[in-house]
Amino acid sequence: MNPDDLPQAPLQPLNLPWLHQARIQVAILRLDLIDPLISGNKWFKLRHHLQHARQSGASGLISLGGNHSNHLHALAAAGKRFGFATAGLLRGHAQDTPTVRDLQAMGMELHWLGYGGYRERHAPGFWTLWQARYPGWHCIPEGGGGLAGAEGCALIVDQARAQLATLGWPDYHAWWLAAGTGTTLAGLVLAESGRHAVHGALAVPASHGVAQTVEALAGSSGYQLHEACRGGFARLDDDLQAFIADSERHSGVPFEALYTGKALLALREQVEAGLFAAGTRLIFVHTGGLQGRRGYL
């Protein structure tokens, strides 16, 4: 398989009582189903980075993330599948988690930066040390971000549009998705160019800089951000977990609590607040991340 060949994600009706009551139609783009390892939006984020690495003759890939990182998990899998060595720069101190064990099993070399060291990831010269240690390797921003990541995520729009007829939809009104770094949201905004609104549910605090990232990549119009972090990054609570369990029972779709679950709950809150009129057709992007559920279940 070639990293250029994006697997097709199915677009399915999302059936939930509160959507039916509000007479709002939602189709869910199941990016979680495109691949068992390079799952969710990660293939799209990594696609252009992998192309650039191959074109430059890089022998390896290096990036950053936490000890449950969906991004590093997908990167390690992509490296093993497409013939790149991989290295991960991790937040905090060495921990044994299911994700970390997978990274090691897939051959990723791990470096734990502590918390202070990880906060320096945006500082000028951060990558100099690592480029010296891994000469010629391709460096990928946290979460697969940057313009390359956003341009890859723009292809998500094509996948949804190609399947509208299967739903009997002539068109749709807007997108809804979780925002963790803002890269995927920016890609949708770039692809839409103002044709349809893009709504991002902020699954992280405002201090993480999502708004600034999206504006830098895609400008200041065509999208709206909604608070959805519920008090902090990776913050879970009983109401959220009960909502996810109920949503899974009604829809048959698995969600995780850090991103897709928070995004869906934020959508319900906005539907109940009257943000969308009856008859609205929305596309909800399932951004994957299901491997990370092992960290809290």
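Predicted model: local features only at pLDDT ≥ 70, side-chain atom pairs only at ≥ 80, totals over all residues.
## The annotated domain

According to UniProt, in an unreviewed entry, the feature "domain: Tryptophan synthase beta chain-like PALP" spans residues 27–288.

The unreviewed UniProt entry assigns the feature "modified residue: N6-(pyridoxal phosphate)lysine" to Lys42, a residue that the model places in helix α2. Lys42 has a relative accessibility of 13% and therefore counts as buried, since the cut-off for a buried residue is under 20%. When residues up to four places away in sequence are not counted, Lys42 touches Asn70, His71 and Ala74.

The annotation "active site", again from the unreviewed UniProt entry, covers Ser69. In the model Ser69 belongs to the loop that runs between β3 (60–65) and α3 (70–82), and because its relative accessibility is 10%, Ser69 counts as buried. Once its neighbours within four places in sequence are left aside, Ser69 is in contact with Thr99 and Gln291.

## How α2 packs against α7

Two packed helices are described by the angle between their axes and the distance between the axes. For helix α2 (residues 42–56) and helix α7 (residues 146–153), the angle is about 125° and the axes are 6 Å apart, so α2 and α7 are oblique to each other. The crossing of α2 and α7 is right-handed.

Which residues of α2 and α7 meet? From α2 come Phe44, Lys45, His48, His49 and His52, and these meet Ala148, Gly149, Glu151, Gly152 and Cys153 of α7. Sorted by class, the contact of α2 with α7 has three nonpolar, five polar and two charged residues.

Helix α7 also has a set of buried residues, namely Ala148, Gly149, Ala150, Gly152 and Cys153. The elements that cover these buried residues of α7 include α2, α8 (155–161), α10 (183–192) and α11 (210–218).

## How α12 packs against α13

On the α12 side the residues in contact are Leu240, Phe243, Ile244 and Ser247, and they meet Gly261, Lys262, Leu264, Leu265 and Arg268 in α13. By class, five nonpolar, two polar and two charged residues make up the contact of α12 with α13.

Is Thr280 buried or exposed? Thr280 counts as buried, because its relative accessibility is 9%.

Not counting residues up to four places away in sequence, Thr280 touches Arg23, Ile24, Gln25 and His173. The C-alpha atoms of Thr280 and Gly114 are separated by 46 Å, and these two residues are 166 residues apart along the chain.

Note on methods:
Residues numbered from 1 in each chain as written. Heavy atoms only, no water. Axes fitted to C-alpha atoms, helices over the stretch in contact; angles between N-to-C directions. Helix = DSSP H or I, 4+ residues; strand = E, 2+ residues; numbered from the N terminus. Parallel < 35°, antiparallel > 145°, perpendicular 65-115°, else oblique. Left-handed = near helix turned anticlockwise from the far one by under 90°. Contact = heavy atoms within 4.5 Å. Nonpolar A, V, L, I, M, F, W, Y, C, P; charged D, E, K, R; others polar. UniProt positions renumbered as here; feature names shortened; annotations may be inferred. Buried < 20%, exposed > 50% of the residue type's maximum accessible area, 1.4 Å probe, protein only.
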